[in-house]
Amino acid sequence: MLQPKLKSKVRCTDCDIGEVSKVILDPLSHEISHIVVSMNGSGERQVMMAMVQEVAVDLVSLHVPSAEIVALPPFKRDDYVTTHEVEISHLEDRLDVVPGEILVPFPDLEKDVKRRTFFMNFTHVIGFLIGLPIAYPILRFIMKPMYAPFDNGWIQVGNVSKIKQDDVGTQFQYNKKVKEAYMPEADVEKSVWILKASSEVLEKFYEDKDQDFHDASGKVIWTNKKEFPYIAFSGKCPHLGCAFKWRKHKTLGQVFLCPCHLSIYDATGKILDGPAPRALDALPIRVSASGEVEIIDMEFKAGIKNQIRII
Amino acid sequence: MQQPTVSNEPSTTIEKIVDFLDARVGLKEIQAKMLNEPIPGGSRWAYVFGSILLFIFGMQALTGILLMFYYVPTADHAYASTQYIIHDVDYGWFLLGYHFWGSSAMVVCVIAHMSQVFLWGAYKPPRELLWLVGLALFGIVIGFGFTGYLLPWDQRAYWATTVGVEMVDKVPLFGDFLARFLKGGPTPGQMTLSRFFVIHVMILPAALMALAGLHLFLFRVAAPAGPFQGTPEEIKAKTDYFFPRQIWKDMVGMAAVFLTICGLAFWEPVVLLEEATPDPGEYHPEPEWYFLFYFQLLRLKMFAGEFGQFMGAVALPVLFMALLVALPFFDKDPERNIFKRPVALISWIFIMAVIAIFTVSSVINREFLD
């Protein structure tokens with residue numbers, strides 16, 4: 001069935017009764033639920049679509065007599081709002097009540113389709129000409145300080161006299177001078193755990209092999225000898241980079257414990273419990289005749305089995 | 001809206017100004033369109049969270065801009081300038097506290113908003129795009145939280161960032177690049193602070209405003225979903241407009257959130273820890289409370305080792321988000337009643353239970369660390 005159009009004549013079973021002056025939509029189904037019939041000057045009536053028998057191009061036929069329509073209560077405009085005053089999406093999508101189309105002339109100059117395509121492509125070309133040359137500088141700009149060479153200098157961290165007991169982790173705090181880009185040189189507080197190891201612990205730690213340390217090019221810069229009794233562990237937990245501590249555990253005894261995700265390591269740095277993927281990272285260490293401890297401050301990527309040095 | 005019956009001559013100055021603007025920009029029609037949005041089945045308290053989130057964002061923007069009057073994003077001044085805001089600037093403690101607790105409120109309301117949409121089945125066709133943009137907004141809110149708490153440059157800030165960035169590092173192939181990009185170098189420092197600052201105050205707000213605008217637009221195009229049960233007649237009979245009943249409920253909700261945040265800012269003021277350094281001293285690093293469950297989750301044995309690490313830090317959150325993204329595309333059953341969607345209901349209860357249990361257990365775990 002066609003949709004009733006505005007200005008269409010309305011005919012009852014006995015006579016013409018007026019014309020369609022408004023249509024009313026159901027906000028849920030988006031269908032026309034009523035038409036409003038303007039009865040040639042004698043008021044408006046709201047007529048249910050159920051009373052409509054047929055809709056032709058200019059004519060809406062009802063299957064009721066005119067007396068029945070006249071008997072309906074007058075249409076109450078205040079019970080409704082126009083579709084401009086309310087936000088119901090797609091309300092007019094399935095609607096065809098406007099008689100005909102409303103048109104504006106299409107300018108003559110716009111009728112050349114080829115030229116429009118050219119201009120569209122031209123816009124894209126200009127866009128690329130602007131975008132491509134700037135993309136690389138932007139990328140380089142925001143990447144500037146991401147990679148830095150390793151610092152293999154020795155740092156003094158304290159005196160071994162601080163260590164009171166064998167096989168017990170002792171924390172040495174030290175300040176590392178850091179010069180970052182344009183910033184003034186700053187002292188960054190860091191810490192390293194140092195152990196005076198008994199021979200069993202040394203054996204367990206070194207497993208009869210000296211430990212080599214490399215620079216960025218893979219060259220050996222230092223070797224921790226397996227008979228040297230001091231072991232230094234980087235203060236950074238190999239799980240996710242928190243700082244671990246030396247703690248008494250109720251079943252495992254004295255251990256290195258990371259408070260973040262509860263990784264637990266024994267005095268040799270081996271994993272006892274928790275989520276860590278590898279043992280603690282040992283650092284190059286040397287001790288002077290007067291007992292001054294020096295280390296090379298290295299950091300390794302956390303969360304992976306292999307040691308990958310990042311500073 | 002009543003149809004203007006007689007064209008009254010404007011009398012007061014305000015009416016004249018309104019008429020002047022109305023004639024040029026169609027003010028009254030815009031207002032009518034904004035306010036006259038039918039809400040199928042009528043206004044509800046369950047629908048307040050979207051408006052509340054918009055309100056919280058507005059307040060975060062306001063307090064955030066104010067904080068920038070004094071805050072300096074440099075490694076040597078960030079901590080001191082934040083302390084200055086807290087201790088010396090008039091009402092600095094309040095505005096900073098409001099911004100701090102506002103972020104928590106944002107997370108709570110985002111979870112509530114997402115839960116409501118999920119339980120009501122409102123993500124289902126034709127509202128898939130609305131749901132997707134909502135998920136992007138959820139990501140932005142998490143990004144705000146993560147970048148925001150580095151800015152005071154205290155111990156909490158430093159360790160949350162260290163751990164968070166190490167997790168990003170676990171992304172296959174690009175992880176190292178992403179982590180270095182975020183840090184602006186091999187370790188957290190000035191470049192990290194600069195980057196997080198720009199992301200927090202420029203990139204994320206711009207992204208949030210754009211996507212929230214799109215979210216609202218898509219919401220208006222798709223129209224509210226309405227209740228998940230009831231016949232069309234019942235729903236139609238209870239339908240009202242956005243204004244006044246829903247707006248009233250939204251306003252009450254906003255007032256409650258505002259008072260709660262003010263109360264928290266007043267009774268639980270922000271106290272900075274020691275200034276950030278790679279040596280935490282006696283401090284046990286811990287993230288913000290809304291990340292605690294995840295922090296505790298990463299302590300599980302099942303996430304141990306390199307592969308477990310990848311599963312916990314990367315695969316789990318990515319899979320979870322992917323599942324949420326895919327949700328409206330594989331859940332095509334038009335049934336919206338949550339009591340007739342047992343899998344959805346059980347999943348939601350399960351996720352909430354995991355969050356609750358792991359949050360509580362991380363709090364209990366604190367005792368064993370001291």
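Colleague: Let's start in strand 6 of chain A. Which residue there does Val55(A) stand opposite?
Modeller: Val55(A) sits across from Val60(A) in strand 6 of chain A. Bear in mind that this is a predicted model.
Colleague: Okay. In what sense do strand 5 and strand 6 of chain A pair?
Modeller: Antiparallel, with three bridges between strand 5 (residues 52-55) and strand 6 of chain A. A hairpin of three residues links strand 5 of chain A to strand 6 of chain A.
Colleague: And what stands opposite Val60(A) in strand 1 (residues 9-11) of chain A?
Modeller: That's Val10(A). Strand 1 of chain A runs parallel to strand 6 of chain A, and three bridges pair them.
Colleague: Which residues of strand 6 are on its covered face?
Modeller: Val60(A) and Leu62(A) are on the covered face, while Leu59(A) and Ser61(A) are on the uncovered one. Strand 6 itself spans residues 59-62 of chain A.
Colleague: Remind me, what holds paired strands together in a sheet?
Modeller: Strands pair through backbone hydrogen bonds, in either a parallel or an antiparallel way.

Colleague: Switching to the sheet with the order 7-19-18 in chain A: what's the pairing there?
Modeller: Antiparallel, in an open sheet of three strands. Strand 7 (154-159) and strand 18 (285-287) of chain A are at the edges with a single partner strand each, so one side of each has no neighbour in the sheet. From one strand to the next, the twist averages 25°.
Colleague: How many bridges join strand 7 and strand 19 of chain A?
Modeller: Five, and strand 19 covers residues 292-296. Within that pairing, Gln156(A) stands opposite Glu294(A).

Colleague: Now chain B. How many helices and strands does it have?
Modeller: Chain B has 14 helices and two strands. Its C-alpha atoms fill a box of roughly 75 × 55 × 40 Å along the principal axes, and 36% of its 370 residues count as buried.
Colleague: How do helix 3 and helix 11 of chain B cross?
Modeller: Their axes come within 9 Å and cross at roughly 45°. Helix 3 and helix 11 of chain B are therefore oblique to each other, and the crossing is right-handed.
Colleague: Which residues make that contact?
Modeller: From helix 3 of chain B, Ser51(B), Ile52(B), Phe55(B) and Ile56(B); from helix 11 of chain B, Asp250(B), Gly253(B), Met254(B) and Val257(B). By class, that contact has five nonpolar, two polar and one charged residues.
Colleague: Let's zoom in on Ile52(B). Is it buried or exposed?
Modeller: Ile52(B) is buried, because 22 other C-beta atoms lie within 10 Å and 20 or more is the cut-off for buried.
Colleague: What does Ile52(B) touch, leaving out residues up to four places away in sequence?
Modeller: Cys109(B), Asp250(B), Gly253(B), Met254(B) and Val257(B).
Colleague: And how far is Ile52(B) from Thr277(B) in space?
Modeller: They are 37 Å apart, C-alpha to C-alpha, and 225 residues apart in sequence.

Definitions and conventions:
Residues numbered from 1 in each chain as written. Chains lettered and ligands numbered in written order. Predicted model: local features only at pLDDT ≥ 70, side-chain atom pairs only at ≥ 80, totals over all residues. Buried ≥ 20, exposed ≤ 12 C-beta atoms within 10 Å, placed from the backbone. Helix = DSSP H or I, 4+ residues; strand = E, 2+ residues; numbered from the N terminus. Pairing = 2+ DSSP bridges. Axes fitted to C-alpha atoms, helices over the stretch in contact; angles between N-to-C directions. Parallel < 35°, antiparallel > 145°, perpendicular 65-115°, else oblique. Left-handed = near helix turned anticlockwise from the far one by under 90°. Contact = placed C-beta atoms within 7 Å. Nonpolar A, V, L, I, M, F, W, Y, C, P; charged D, E, K, R; others polar.
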